[in-house]
Amino acid sequence: MTAPALSVDNLSLAIGDAVVVDGIGFSVAQGEVMAIVGESGCGKSITAQAIMRLLPPAIRRTSGTIRLGDDDITAISERAMQAIRGRRMSMIFQEPQAALDPLATIGTQIAEALRQPLSRARPAVRKMLEDVGISDPDRRVDQRPFELSGGMCQRVMIACALISRPTILIADEPSTALDVTIQAQVLDLLRHLAIERRTAVVLITHDMGVVADIANRVAVMYAGRIAESGPTEAIFAAPRHPYTALLLASIPRLSDTPKSQLATIEGRVPTPAEYGSGCRFANRCPRADARCSNETPRLRSIGPDHFTACHHAEAMA
Amino acid sequence: MSDTLQITDLKVHFPGRGGEPIRAVDGVSLSIAPHETLGLVGESGCGKSTVSNATVGLVSPTSGSVRVLGTELAGANARTLRAVRARAQMVFQDPVMSLNPRMTVGAAIGEPLLVRNLGRGIALRTRVAELLEEVGLRPEHASRYPHQFSGGQRQRIVIARALALRPALLVCDEPVSALDVSVRAQILNLLVELQSRHGMSMLFVSHDLAVVRHVCDRVAVMYLGLLAELAPGDVLYSKPLHPYTKALLAAVPEPDPVMQRAKPRVLLTGEIPSPANPPSGCRFHTRCPIAIDICRHEVPAWRHVGNSQVACHLV
């Protein structure tokens, strides 16, 4: 078996003394879309930043390895990391208009990802714009971001990220700022690119609908830890962590009976300062008992490629 | 009983760059009966928020009529608007921006009553306590400040303030869009419960079709300043008529991988055109998968088909 494109092992991140990501691990194979899903503050976005080694100065990595293929990138110099970013591993962000340079033309920005002047890279840039579904690429190449809509800017950012044919794409809420019909286009594009180019995609999202649409596997994060991970179908069909189950039940669906009661999760997500011992979901969990508040549940196998961090997972089957 | 809200041929144009007005709303008619919740859905820039702002007199109509409980808002003076706003209250998307950080929660909720001389002293404090309990908070929360609350709790405070004057119409503009999934469900349950308890009418504006499905009796779909379709919820979601409604429903990613992956994909191509320069004929024709020649030249009439109203030449 070949090594996965990306494997993260026992990654912990801290702000001061507060551990905001606590020993998480996962791997992504070539051509696979792996979603990390969770609510605000669960640590999903800083996990993505840690993989790119783009953490803000206030956040430190306190443990863990991040491997691209066989190379541990936590051990290499910043200079070596710069050679990896944008080549072997790229990232796209939620707000495309904020991520692009407002003063540079689309073509210049895409060519920059190849470390080439546009004059030399123009044919490759043109082809890339076509591949991400931008019509009239000859005209678009010389336009600036403000002349494009949000959906088109997101395509441009995807083009910047993929022109160097990275093996890994980190996508942080790539469709969240977009309208639903444009979101469908961008998700379709990501799906095709993952399949055709065999790119490994790490998709950070809060939207279970987006997960259901394009992820092969999913890791559900809660308060800095992975609550449950596994194949998308298995997790949606039979969640084995109460948080996942409640999260799924609390989403309004097109097939709902109007005005019916949605399942709710009492209370709120704890802040890192409030993290205590035991399971961090215990004080909101309908199944919690004394063991849950004392003993931290380890992520353990519960089915084929299916892992959960719950003492009561057996009772949920 | 007459309608709580009656909007007839409403147009709201804003001055645009280069002389062409932005036709944010360009001829919308709809009504909301007592006890009814009407959902207004559409993508960004379709004009849905402008309609909701016009409903509480926050923007003045360029032409057309907006009547709340029979009172005309178009051209109304400040005194009339003030009277109407007591009956039509608004909840906005961002609860952080909706609350004055330097006012206690109790002062914020009591303010509508205070400025209208509807309560003071102990009576006011009692009513504020009642309102807090009604939205699932505790009376002692009245002395705290907004920053001491989570996003979901702050939206509850905003809702309590909107209910203070016992409005006949509650206008909610994306009330749960800024909230996390688990909190969103709490607020939706609360809105459904309050609406049935008080029998208010509700205009519920959202980009999220599943959320609208959940809380609304009837649903209007808006595209580029005009209504595309308006129908009872169960009809709109089971038998959508307008190709735009169909495309919107197909584009919603549903939290069910088996269903989602089996779903036929009606991917709309292209982008939403600018409301400063809307396409001729049917405004949707530039993205419509089934458009024919007439769609490019002739504006489709707004007409009844069964229990639905729709604007499409091909229905």
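What share of the 317 residues of chain A count as buried? The answer is 47%, where buried means that 20 or more other C-beta atoms, placed from the backbone, lie within 10 Å of a residue's own. This is a predicted model, so local features need pLDDT of at least 70 and side-chain atom pairs pLDDT 80 or more, while totals for chains, interfaces and linings use all residues. Residues are numbered from 1 along each chain as its sequence is written, with chains lettered from A and ligands numbered from 1 in the order written.

**View 1. Here's strand β8(A), covered up.** This strand spans residues 200-205, and six of its six residues are buried. (Strands are DSSP runs of E, at least two residues; helices are runs of H or I, at least four; both are numbered from the N terminus.) Ala200(A), Val202(A) and Ile204(A) point one way, while Val201(A), Leu203(A) and Thr205(A) point the other.

**View 2. Meet a neighbour, β3(A).** Strand β3(A), residues 33-37, pairs with β8(A) in the parallel sense over five bridges; pairing takes at least two DSSP bridges. Look for Ile36(A) opposite Ile204(A).

**View 3. Now for β7(A) and the way across.** Five bridges also join β7(A), residues 168-172, to β8(A), and these two run parallel. Asp172(A) has Ile204(A) as its bridge partner. From β7(A), the chain passes through helix α8(A), residues 180-197, to reach β8(A) in a right-handed β-α-β crossover (with the strands pointing away from the viewer, the path from the first strand over the helix to the second runs clockwise).

Terms used. Buried ≥ 20, exposed ≤ 12 C-beta atoms within 10 Å, placed from the backbone.
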